[in-house]
Amino acid sequence: MTTGQDRHLQMTSAYGHRSVPHTADLCIEAWAASREECIAEAVRGVVGSFSDASAVAAGVMRECEVTADSDGRLLAAVIEEVIYRMEAAGELPADVEVTATEGGVRLRFTMAGSDVVAQVGAVPKAVSMHGLRLAQDTHGWACRVTLDV
């Protein structure tokens, strides 16, 4: 279900993301015309919440496919993939493209080394399933994901 605030944001901009207050955690809301672009906006919001990659040159491309049994779980799996890549490889997405696949999405990341990106906040450690949502309404798609930091 989309809140009145979500509807206002979607009517003023075709796509975007924002951080919203949440006790001791990080909450990102995103919106876009398509499910895939909404997921991409959520990834951009998560990465932008703790880093500034705007001045970083494009790096190596990484691709993977993520599947899930529901849209909410798909969003969580995508954000978990981002967290895993940051922890395991020391890379973070400077940008992401998301395309639909059978049962999920294909992610194409433009990665940057975490050593060349300015850190501006706490790095997320895990996705919370509480309040997780990715849904379509008459204005497009909106999502909400809460992260443990």
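Strands β1 and β2 run antiparallel and are joined by five bridges; here strands (E, at least two residues) and helices (H or I, at least four residues) are DSSP runs, numbered from the N terminus, and two strands pair if DSSP finds at least two bridges between them. Within this pairing, Val20 has Cys27 in β2 as its bridge partner. The model is predicted, with local features requiring pLDDT of at least 70 and side-chain atom pairs counted only at pLDDT 80 or more, whereas totals for chains, interfaces and linings use all residues. Residues are numbered from 1 along each chain as its sequence is written, and side-chain values use heavy atoms, with hydrogens and water left out.

Gln136 stands opposite Trp141 of β9, and the two strands β8 and β9 form a hairpin with two residues between them. Together, the strands belong to an open sheet of four, in the order β1-β2-β9-β8, with antiparallel pairing. Because β1 (16-20) and β8 stand at the edges, each with a single partner strand, one side of each lacks a neighbour in the sheet. From one strand to the next, the twist averages 15°.

Helices also pack on this sheet. Helix α2 (residues 35-50) touches β1, β2, β8 and β9, and its direction makes about 145° with that of β2; axes are lines fitted to C-alpha atoms, for helices over the stretch in contact, and angles run from 0 to 180 degrees between N-to-C directions. Contact means heavy atoms within 4.5 Å. Helix α3 (residues 71-89) packs on the sheet through β8 and β9, its direction making about 130° with that of β8.

The structure holds twelve salt bridges, a salt bridge being a side-chain nitrogen of Lys or Arg within 4 Å of a carboxyl oxygen of Asp or Glu. One of them joins Arg144 to Glu29, with the closest N and O atoms 2.5 Å apart. Since Arg144 lies in strand β9 (residues 140-148) and Glu29 in strand β2 (residues 25-32), this pair ties together parts that are 115 residues apart in sequence. Arg144 is partly exposed at 22% relative accessibility, whereas Glu29 is buried at 5%; buried denotes under 20% relative accessible area, exposed over 50%, and partly exposed in between (1.4 Å probe, protein chains only).

A salt bridge also connects the side chains of Arg44 and Glu37, at 2.7 Å from N to O. Both residues are classed as partly exposed, Arg44 with a relative accessibility of 23% and Glu37 with 29%. In a further salt bridge, the side chains of Asp69 and Arg73 meet at 3.9 Å, N to O. Asp69 is exposed at 69% relative accessibility, while Arg73 is partly exposed at 45%. Through shared partners, salt bridges join Glu37, Glu41, Arg44 and Asp95 into one network.

Disulfides, defined as pairs of cysteine sulfur atoms within 2.5 Å, number zero in the structure. The cysteine sulfur closest to that of Cys38 belongs to Cys143 and lies 3.6 Å away, which is too far for a bond. Cys143 is likewise in no disulfide, its nearest cysteine sulfur being that of Cys38. Cys38 counts as buried at 0% relative accessibility, and Cys143 counts as buried at 1%.
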